[in-house]
Structures are given as structure tokens and as C-alpha cells.
Protein chains: 2
Amino acid sequence: MPRAGLSRPIVVAGAAEIADQVGFDGLTLAAVAKRFGVAVPSLYKHVRGLDDLRSGVSALAIGALAAAIARGGRRTTKDRLGAMARAYRRFAVEHPGLYTATLRAPDPADQEAVAAGQALLDAVFAMMADYGLTGTDAVDATRSLRSALHGFVSLEAIGGFGLPRDVDRSFARLVRILDDALRAWGASAPRAPRGRGPSSPDR
Amino acid sequence: MPRAGLSRPIVVAGAAEIADQVGFDGLTLAAVAKRFGVAVPSLYKHVRGLDDLRSGVSALAIGALAAAIARGGRRTTKDRLGAMARAYRRFAVEHPGLYTATLRAPDPADQEAVAAGQALLDAVFAMMADYGLTGTDAVDATRSLRSALHGFVSLEAIGGFGLPRDVDRSFARLVRILDDALRAWGASAPRAPRGRGPSSPDR
DNA sequence: ACAGAAGGCTAATGGTATTAGCCACGAAAA
DNA sequence: TTTTCGTGGCTAATACCATTAGCCTTCTGT
């Protein structure tokens, strides 16, 4: 029985492709084993189990999403919000399994995942600074932005929108709304003064 | 062996409670059977299987969400958006399992589920009309609204926000943004004329 | 060359859904 | 009151799935 030449990164990468095909929740050790022509228990030499495999895919996914968004945001100086938003949606459409994996909070012990999450957060906060938003305002704004984008792409993924032909236009509208909101943030503040205190790292 | 007195509605209702405790994805025939003190195959006399049970819970959930939102929106005439948004979030927080079940597109054959979904949509469109939004504008606005709310509550549910203490405030901010956006909808329109044509029923 | 670690394997266990087929209860009909 | 028969329980069996234990081969470093 020749060695299959597996390793944790290889197994996780294979699992990531499977997750994109069958969905993150449909990811199974049996499918991964079959993909590599190996018996299921053999995988335990490289991952601690299904949960650990999912964590690995999740870490990989967070890194990929961060890279995709950073790439989108770096490409332009004008309309950075739009570029990042479109990169976010594109990632979710092209990698539905990875996108779902992205939503699991990364294992704090996983250096790479935490770093990728932090990089993503930094990029968003830098963009918020372009709008003049810092501190708690930046936190609130980031939450609103992430909520809107995540809500849109996840509803789109489950077929929550009835008219497929118009989805691009609806997304453009949503991005416009977000841009308007960030521009007008100060004016629309209920009463809190802006930018008070340093922001605790948040997601 | 005395009859347990089960029926489809009873089984589905029990499943709904379990789903709220262990999550919609953690819902299992075994758990439902144990709850009613019955063997697993007995459930097949009332539901066609796990998928069908999920569909039943989903239909029930859509009805419950529609009722909660309608109740919230009826309570006030001013700040109807805020009332409905808070009702939406409250439902998601109090019934995490049902909320997740809500996201599955209802079986078109299920009269009640379709009616509940339609009622919910009607309520939202009526609110959009208060903002002067109809037709494709109402569709786009509804999608944005739903995206933002769904995104927020689902991120909140998975612990996506790091600072629990501030979440209420962030949500209030999000609602404020949405209200502003709906008020200013026409002004922020890229180029499309408003209210062209009747809206196809959408979600 | 050899020892030991590493990476495959089979076997066994337990949880899950599903199907087939049996049988008792209980209500309605005779 | 008795009989019938559909309904709603049940057990048994099958097929996945994940996980653990323990074996044995292969590679690698001394």
C-alpha cells in the first residue's frame, strides 16, 4: 500500500474544494477520503476529526476572503467601498462553501486565521477612516456594512430573491445606500459624539 | 402499548421547540422521538421523513415570524420601520431555531406557508408605500432592508460581534441608516425613474 | 543496516435516517 | 355485543456517517 502523500494542508485544501461543491455543511470525511483514494480513518493522521477539518477550511476561507477583498480594495482609490463590496459578493458567489466557512469564528489558537481576520478588519477600518469614521463610530459602521453585505449574499445564495435578473441592480442600490450612509454618518448620529475612545478589535 | 396521541401538527410543534434549543440544523428525528417517548420509525406515520419535518417547522416558523412582525408594525403608526425591525430581531433572538427555519424557501404546495410569506411581504410593501416607494423601487428597498436585518441578526446569532454590550446601540444605528435611506430613496437613485411598473411578488 | 516514527490499513462501536413488515388498539359497522 | 379494519405504535434490518483501537508497512535519520 503506497503512501498517498497527504498532509494537513493538502487534506484541508481538498476539503475546501469539496465544500464549494456540496456546501460547507455537506462536507464529510467520507467525501474527502474518497477524493484522495484513502480510507476514512487515515484522515485522522492529519486532522483530529471533522470539527478540526472544518476549522482548517474555515481558516483557509477567511484568508481567501481577506485576500479577495484586499485585492479588490487596492485596485482603486475612488469607490473603494464599491470595489470591496463587489469583491465580497463575488467571493460568496464563486465560493459558496468557503463563504459559509468564513462565518465560523476562527479558533483563537490558529495564528494564521486570526491574522487573516485581523488583516480583513484592518482593511475595512482603513476604509472607514477615509469616511472620517473612527472609534465606536467605525465599529458601528463596520457592523452595518458587514450586516448588509452578509445579509445580501447569504439571501442570494439560498435563493431568497425571486427575480434573478434584477439582483445585480439591487446590489448596486444597496452599495449606494451604504456609501450615502457612511458619508452622512455624523449628520445622522442620534446624539453620540463621534470617535470617542479607541476601538476594541471587533468583527 | 398505548397510543401516544401524535399527529403531524403535534410532531412539528415539538420539533420546533427542539429546534429552538439545539438549532435548526441540530434537529433530529431521534430527539423528537425521545421527546414524545416513542420509537423513531413511529414518526414516519406523521411526517414523511426528516426533510418533511424540516419543511413543517419552516412553515410554522414563517407564520410565527410574519405574526411577530405584523404585531410589531401594528402597534405604532410612527416609526413603523423601527418597530418592525425590532420585532424581527427579537424573534431571531428568542427563536434562533425557528429563525433559521424561516430562511428555507417554503414549499409552494404548502398553502399556509405561502400565505404567511405573502402576508409578511404585504406588510413590508405597505410600509414601503408609506415612504412613497412602489414597483421596482419597493423591491430594491425591500431587498436592502431584509439584507441588512437578516445580516445583522444572523451575525449576532453566531457571535460575529465581539462586544455584546454595544450590540443594541449598533442595531439602533443600523435602523436609523435604513430609515434615512428609505426617506432619501428618490434622491439617491442612480438614474432609474421611480415606480415603473407593477412589482412582481418577490422575497 | 536498522530503529523508530509516520502514515497507511482493517475492525469495531455507536449515532443517524430510512424502509419493511408486524401487531394491537379502538372506533365504526354488523 | 361482536366483528372488522384502518391507524398508529413497534422491532428488525440496511445504509450512511464519525470515531477509536490497534496493526503493519514504509520512509527516514542515525
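Mentor: What follows is a look at a pair of packed helices, the loop between them and the chain contact to which one of them contributes. Please keep in mind that this is a predicted model.

In chain A, helix α6 covers residues 111-130 and helix α7 covers residues 135-157, and the two pack at an angle of about 115°, with their axes 10 Å apart. Because angles of 65 to 115 degrees count as roughly perpendicular, α6(A) is described as roughly perpendicular to α7(A). The crossing in which α6(A) passes α7(A) is right-handed. On the α6(A) side the contact is made by Val124(A), Phe125(A) and Met128(A), while α7(A) brings Ala138(A), Ala141(A) and Thr142(A); by class, this contact has 5 nonpolar residues, 1 polar residue and no charged ones.

The loop between α6 and α7 of chain A holds Thr134(A), which counts as partly exposed because it has 18 C-beta neighbours inside 10 Å. Thr134(A) lies 52 residues from Gly82(A) in sequence, and their C-alpha atoms are 20 Å apart in space.

Turning to the chain contact, 36 residues of chain A are in contact with 36 residues of chain B. On the chain A side, α7 and α8 (167-183) each supply at least two of the residues that touch chain B, and the largest share, 12 residues, comes from α7(A). By class, the side of chain A that touches chain B divides into 15 nonpolar, 11 polar and 10 charged residues. Helix α7(A) therefore both packs against α6(A) and supplies residues to the side that touches chain B.

Technical notes. Residues numbered from 1 in each chain as written. Chains lettered and ligands numbered in written order. Predicted model: local features only at pLDDT ≥ 70, side-chain atom pairs only at ≥ 80, totals over all residues. Axes fitted to C-alpha atoms, helices over the stretch in contact; angles between N-to-C directions. Helix = DSSP H or I, 4+ residues; strand = E, 2+ residues; numbered from the N terminus. Parallel < 35°, antiparallel > 145°, perpendicular 65-115°, else oblique. Left-handed = near helix turned anticlockwise from the far one by under 90°. Contact = placed C-beta atoms within 7 Å. Nonpolar A, V, L, I, M, F, W, Y, C, P; charged D, E, K, R; others polar. Buried ≥ 20, exposed ≤ 12 C-beta atoms within 10 Å, placed from the backbone.
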